[in-house]
Amino acid sequence: MKRVHAMPFGATVHGGGVDFALWAPSANDILLLYTPAGAATVSHAMQRSADGWHRLTLADAHHGDSYAYRLPDGITMPDPASRFNPQDVHKPSQIVDPVRFNWTDAEWRGRPWHEAVVYELHVGTFTEEGTFNATRERLRELAELGITAVELMPLADFPGARNWGYDGVLQFAPDASYGPPEDLKALVAAAHALGLMVLVDVVYNHFGPEGNYLHACCPEFFNTAERTPWGSAMNFDGPHSRTVRDFFIHNALYWVEEFHVDGLRMDAIHAIRDTSPKHIVQEIREALDAGPARERHVHLVLENDANQASMLARDGSGRPIAGTAQWNDDLHHAVHTLATGEGDGYYADYADDPAAGFARALAEGFIYQGQPSAFRGGEPRGEPSTQLPPTAFVSYLQTHDQVGNRAFGERIHTLGDPVLVRAAFACLLLSPHVPMFFMGDEFSASSPFLYFCDFGPELASAVAEGRRAEFGGFAAFADEAARARIPDPNAEETFLASKLRWRERGTRPHFARLCEVQQLLDVRYRLLVPHLAGAHRAGNHRVEAGVIQLDWELGEKRLHLVSNLGTQTAVQAAAPPGAVIYSTGSAADAAGLRLERGAVHATLEDMGVD
């Protein structure tokens, strides 16, 4: 079984050698610098066409040879569509022949989205080795736990030896610090053999601050009139935007076809500036549907701070017209405020009644569905989401963002009330939402997840100073000495401190937590998943004195959930109808149901007609 994605960009291996293609309308007289394995570099003039393409075919070029482009001003750069850059982002690219890899998962057709239990991981810190191969060796433990989808933080080649991945500059090249492309393919094949989907996080709203040569060779990639937090916006809707759009559409297809992944998570689409009649997200969805999704399940998960429910709309057959699902930060923010009592920054929007916010998020998806946000100066935020199925929301108690953007990278189970954290996690896993773990959640990992990078000296200093200044507005970091304790993002020890400590998994109390999670996922798999495809709209919620009561229609079943998230040590509540599928901290009595603080009680009611 061979897999290759055909595209107009980059180096394409065929029987007659290798075709090289670079789109650079503003440049003339580009040279290809070709270096055969073990030989000296030879320069070749490329042919420029009227539409800005520079092309050349070398009959004697092979897999494993190196190449780069030299611009008229003398800048030497890698291929923006490089499939592999073994010496990092400033050095030559390497020719890759995808058909050399032999796939073993020909029968894999993916999994429907309602079966998803997502596990977000960073390849560099998931294991001590920090490689694709080491990650592959840990997949069985995730599958045995009940995980069904592994989401890899961005893989696109970034500057230096370590990075979260959101500073990628070579969108088609898996970062060499994790291993060569064939190691990633072996990881995907191994995941499929275990019944695990693989999602890849992609960043189409900006390039990283170091190593992006597109500004030099192809300024048409950017819309300088539109600014984002990372600089000029991608040119998705201006002159020459057709080729820019094609670049990213091909990138999406590349990961799904050539690496056989099961979908993408698109970072911060609210930062994509696109006024085209058809948004780039929808065009990517249509390209996937017209291609690989004809034969298997392919999912598109969005991050969208604007809470645009329209991006998650379904067609008449219930299929997504753009995003399959969205990361649900609203639910996270409510839980975090509830469990920790923090109300600074954006948490202020959730501080009034976080239990009620959590209940609304579980029932309806978004908390903010068009009402004004105080944190955003009173601007309305979001769109109504009650028409969406619960599986349109990927919900969690923490992510790389919510942990890593703290000064010391603390996880919620080290910050929050443990009773409320455990209860909220049980509520999430027993809800019809698609739950997501951040690596280590399952055993309450003690390791932090810090912000780390590996930029050149000048940029490294600016990033470290900027991060410490960013926290200067918080009372805890008001003085310079306190800010100085914030870990330097560029220091190797910051990266090393973020690695999971796998030995914890078998020690108390980590093993006890692991067993609790496995029990919850077993209940979810056996009793809920068979009915989740029947969940087509929002649920109902009620809140009184911190006790949340929810129900959702799951086809011929109705799921009921009640939990005491208040301050009272015990409260009475009406017992929901149906068969008990999970209960902790609760006891039936003559008055109904006695709920200890942190109790969670779930039932499944049969609504079928005899």
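A residue counts as buried when its relative accessible area is under 20%. In this predicted model, H122 has a relative accessible area of 1%, and therefore H122 is buried. This histidine is found in the loop between strand β10 (118-121) and helix α1 (123-126).

What surrounds H122? Leaving aside residues up to four places away in sequence, H122 touches M153, N163, W164, Y178, M439, F449, F452 and F495. One of these neighbours, Y178, also takes part in a polar contact: the side chain of H122 meets the side chain of Y178 at 3.4 Å.

Two packed helices are described by the angle between their axes and the distance between the axes. Helix α11 comprises residues 418-429 and helix α15 residues 510-532; their axes come within 10 Å and cross at roughly 25 degrees. Angles under 35 degrees count as roughly parallel, so α11 is roughly parallel to α15. The crossing of these two helices is right-handed.

Which residues form the contact between α11 and α15? From α11 come R422, F425, A426, L428 and L429, and they meet R513, E516, V517, L520, L521, R524 and L528 of α15.

Terms used: Residues numbered from 1 in each chain as written. Predicted model: local features only at pLDDT ≥ 70, side-chain atom pairs only at ≥ 80, totals over all residues. Heavy atoms only, no water. Axes fitted to C-alpha atoms, helices over the stretch in contact; angles between N-to-C directions. Helix = DSSP H or I, 4+ residues; strand = E, 2+ residues; numbered from the N terminus. Parallel < 35°, antiparallel > 145°, perpendicular 65-115°, else oblique. Left-handed = near helix turned anticlockwise from the far one by under 90°. Contact = heavy atoms within 4.5 Å. Buried < 20%, exposed > 50% of the residue type's maximum accessible area, 1.4 Å probe, protein only. Polar contact = N/O pair within 3.5 Å; in protein donor to acceptor, adjacent residues only side chain to side chain.
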